[in-house]
Structure formats: structure tokens, C-alpha cells
Amino acid sequence: MDAPKSFLKKGFLIRITLFILLFSIAFLNIYKPFSETLWLSIIKKESILPSILFFIICLALILASKFMLVHHQRSRVLSMRALILWLFVEFVVIAAIYIAFTFMFGYNVTGAGPTLLAKTTYCVALILTIPYSIAILIGFNEDRNEEISMLTQRLASITPAPDAELIDFRDHTGVLRISLKLDDICYIESQDNYVNIHYMSTGKLAHYLLRCSTTELESILNGSSIMRCHRSYLVNVNRITMLRHAKGRADIVLSDVEKEIPVSRSYYRSLLEATTPDKQVRRT
């Protein structure tokens, strides 16, 4: 079973990390009366500075861990088992930091060595499992909503105009994920073993993250108006409105797209040849 695709989105991970931090602080305030070794407190004067410093370090650690997770997912598919193992390692590191703070600031604790680390890791896991479980469920829900949106889009395209070509996009397992009208596709961006398909939907720019390589898509799109302009981008040449030149490089401006798409030297000539003579493409 694969981990939620939403864990690839930096915005999602930042929101989830802040939620985990706030949840943990609230949980600790409830848990503290039942613990003899928990010294974290933002109320007691002697514990305020160590507690704030501990939370800042943990926040930085969790954010760094999540961005490493994003990088990891882009190079390979992340399974739920791998995600759980990843989070467990995160729990152990946080527990080790807590123990280091405990001894550094001279707080009384019982036990030592591996036993203390095991107990502290258990407590960290107890605190963080709830928000992480919620985060994973939210991630699966966002994935499901995206799939429903894509299905709706596909159903709306079942009866396209006679001259509209429908393109089927399949993931790395061969499963059909989305079908789009060729004219609606603006550009496709490569993200390692993922591609981000940007297309027009009800007058707005939308995108769909697909587990597939651009090389696989090129074979599907061969002969169509979608062609590579850069090692990381494919564009719909029928949507090009301007080729902008500056400082030895060229960028593409597409209709209804704010982002400018870079053009590599090796693809520049073929891109010019693909623009038909009757197409009004400005060059600056």
C-alpha cells in the first residue's frame, strides 16, 4: 500500500507539522500531571527557556524530516510501511533530544541508557501517533477527493467535441488515472518519477500529480501538439503565445498560464519548427 500522494506537497506538510506541534503542546499540558519525569512547561519559570528551545529544535527536525521525505518520494514510491518506519526513526531522534535536554539542564529522571531511551520513545510515540494518524487520514482523503475530481473531469470529457482528441494518462502500474482533451493540456512538469500535468478545467488552471516518467508520456504523446522543450517540461505548442529571449536563454509564455516555461538550446529549433506558419507567436 502506497503512502498518500499529499505527502509530496510542501504546503500540506508544513500545515501538518504546525498541527502536530500545537497538538503536542496541548497534549503535554494534559499529560503532565500524570508523569513524574515530564519537565516540559511554558508556565514554570525554570522550564520556559528549555521547553521553548526543545520545541524549536523538534519543529526544525520535523520540517527537515518532511522535506527529506518529499525528496525521497520523488525518486521512488513510498509505501505505508516505509512511512511508518520513517516516523518511528523520527520518534527515536526526538526522544534522544529530550533525554539530552533532561541531563543538560539537570532534571531528575529514573533509569538510564537503552531503558530510558525506550521509555522516552514510547512516550513520544504516544504523543505523536494521534496527530500523525490524523495527518495520514487527511492525506488519503485529499488523494480521494483529487481522484473524484479527476473522475468527474473524465466523465465530463466522455462526449468531447468531434475535433477534440482525448488523451488517457496511466500511472506506473498501468492503471488509468485521468483522461484529458489534448487542447486543455497546457504543460507537463517532470518531478523525478512523477509528472505534474497542468491543464484547463472550467476556465481555471488545474493540475494532477501522476506517478509516471516523462519518457513514458512522450511515447504516448508522440505526434501530438505536446512536445518536450526542456528536460523537465513538455508544452502544448498550440498554447504558445510568446517566446521571450533574455541573456542567452529563452522562455515560453502559454495562454492562461502565468508561469514561464524554460526552453533548452537542444529543443529550441524543433520547437520553432513545430509552431505553424499561421500561428501568431510573438518573439521578444
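How many bridges join strand 4 to strand 5, and in which sense do the two strands run?

1. Basis. This is a predicted model, in which local features need pLDDT of at least 70, side-chain atom pairs count only at pLDDT 80 or more, and totals for chains, interfaces and linings use all residues. Residues are numbered from 1 along each chain as its sequence is written, and side-chain values use heavy atoms, with hydrogens and water left out.

2. Strands 4 and 5. The two strands run antiparallel and are joined by 7 bridges. Strands (E, at least two residues) and helices (H or I, at least four) are DSSP runs, numbered from the N terminus; two strands pair if DSSP finds at least two bridges between them. His198 stands opposite His207 in strand 5. The hairpin of strand 4 and strand 5 has 2 residues between the strands, and Thr202 takes a positive phi near 50° there.

3. Strands 3 and 4. Strand 3 (residues 185-191) pairs with strand 4 in the antiparallel sense over 6 bridges. Ile188 is placed opposite Ile197 of strand 4. These strands form a hairpin with 2 residues between them, and Asp192 in the turn has a positive phi of about 60°.

4. Burial of strand 4. In strand 4 (residues 194-201), 8 of 8 residues are buried (under 20% relative accessible area with a 1.4 Å probe, protein chains only; exposed is over 50%, partly exposed in between). Both faces are covered: one side carries Tyr194, Asn196, His198 and Met200, the other Val195, Ile197, Tyr199 and Ser201.

5. Asp171. This residue lies in the loop between strand 1 (166-170) and strand 2 (176-181). Asp171 is counted as buried because its relative accessible area is 10%. Its side chain makes a polar contact of 2.6 Å with that of Thr173 (a pair of N or O atoms within 3.5 Å; within protein, one must be able to donate a hydrogen and the other to accept it, and residues adjacent in sequence count only if both atoms are side-chain atoms). Leaving aside residues up to four places away in sequence, Asp171 touches Arg177, Leu210 and Arg211 (heavy atoms within 4.5 Å).

6. Second largest pocket. The volume is about 280 Å³, taken as the space filled by probe spheres set on grid points joined across faces, edges and corners. A pocket is an open set of points on a 1 Å grid over the protein atoms alone where a 1.4 Å probe fits, with protein on both sides within 12 Å along at least five of seven lines; lining residues have an atom within 4 Å of a point. Of its 17 lining residues, Asp2, Lys5, Glu147, Arg177 and Arg211 are the closest to the centre. Helix 4 (113-156) and strand 5 (204-210) each give two or more residues to the lining, and helix 4 gives the most, with 4.
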